[in-house]
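User: I'm new to this one. Can you walk me through it?

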Amino acid sequence: MTLSPDLSAAGTAAGGALAAYLLLGEPWLGRRMYASLARRRDARPDALVRYFTFSIVFWWALAAVAAAALLLSPGASAADFGLAPPDDAAYTVLMVLLFGAVAVASGRHFHTLARQGRHIPGRDAVAAMLPRTAAERRLAVAAAVTDGVCAELVYRGVLIALGVGALGLPLYAAAALSVGVYALAGWYQGGTGVAVFALFGTLFTGLYLATGSLLLPVAVHVVLSVRDLTLPAPEPAGAPGGAA
């Protein structure tokens, strides 16, 4: 995979503003929003709906800034931002099916653990955002799809293009920088969250570099996010069988 984005001054400004937010604003805002949700989740029935609604709207706004960075740069192509067909369609389809099967199998396993009252790995870190009603579940799926599409566009598409086109970094150095910025987004889960986001950021970035397209990392990100955001929610505090 090669990138040679010729970013205009306006495109660089838009991409730079987005990068600055992802580096400095997103870790702080994500941690603050999740902490607020965790405090209000059991007391306010609409807390999760409001959280997901804001997240969906906000992430599509960030995606619009990413699109502006491309549209304001006539010398850059959509492929420079990962918006192109994958180099190997058969490989992409195979990997989507593989990760889809893994997500379904692991999701079923987690639901079995929940029915048995056993520990579900990773659930405690996102417990406040797990849906308890059908309406919340539909919104959780919408949020998962938004997360997969928008996060890949801004963290992989824009940050790597900006690193190569504006900072003059080699492709793999720009990719490593994007993984580091993405890892910070997991700060709302604490140090473990940063490590987990770094791991998955490396996976998504590797899939992007291997195919030259955001299609595969978006698909994998979506199926994993849907699995994680539809885990069985723990009992509310004070409910029979719930935490005191």
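User: What should I know before starting?
Analyst: This is a predicted model, where local features need pLDDT of at least 70, side-chain atom pairs count only at pLDDT 80 or more, and totals for chains, interfaces and linings use all residues. Residues are numbered from 1 along each chain as its sequence is written, and side-chain values use heavy atoms, with hydrogens and water left out.

User: OK. At what angle do α1 and α2 pack?
Analyst: About 175°. Helix α1 covers residues 9-40, helix α2 covers residues 47-71, and their axes are 10 Å apart. Helices here are DSSP runs of H or I, at least four residues, numbered from the N terminus. Axes are lines fitted to C-alpha atoms over the stretch in contact, and angles run from 0 to 180 degrees between N-to-C directions.

User: So how are α1 and α2 oriented to each other?
Analyst: Roughly antiparallel, therefore. That term is for angles over 145 degrees.

User: Which residues make the contact?
Analyst: Among them are L18, L22 and L29 of α1, and F54, F58 and W59 of α2. Contact means heavy atoms within 4.5 Å. By class, this contact of α1 with α2 has 18 nonpolar, three polar and two charged residues. Ala, Val, Leu, Ile, Met, Phe, Trp, Tyr, Cys and Pro count as nonpolar, Asp, Glu, Lys and Arg as charged, and the others, Gly among them, as polar.

User: How do α1 and α4 cross?
Analyst: At roughly 125°, with axes that come within 10 Å. Helix α4 is residues 134-165. The two are therefore oblique.

User: Switching topic. What about α6 and α7?
Analyst: Their axes come within 8 Å and cross at roughly 150°. The pair is therefore roughly antiparallel. F200, F204, L207, Y208 and T211 in α6 meet L216, P217, V220, H221 and L224 in α7.

User: What lines the largest pocket?
Analyst: 41 residues, with M129, D147, Y188, Q189 and F197 nearest its centre. Lining residues have an atom within 4 Å of a point. The largest share, seven residues, comes from α2.

Notes:
Angles under 35 degrees count as roughly parallel, over 145 as roughly antiparallel, 65 to 115 as roughly perpendicular and the rest as oblique. On a 1 Å grid over the protein atoms alone, a cavity is a set of points where a 1.4 Å probe fits but cannot get out, and a pocket is an open set with protein on both sides within 12 Å along at least five of seven lines; lining residues have an atom within 4 Å of a point.
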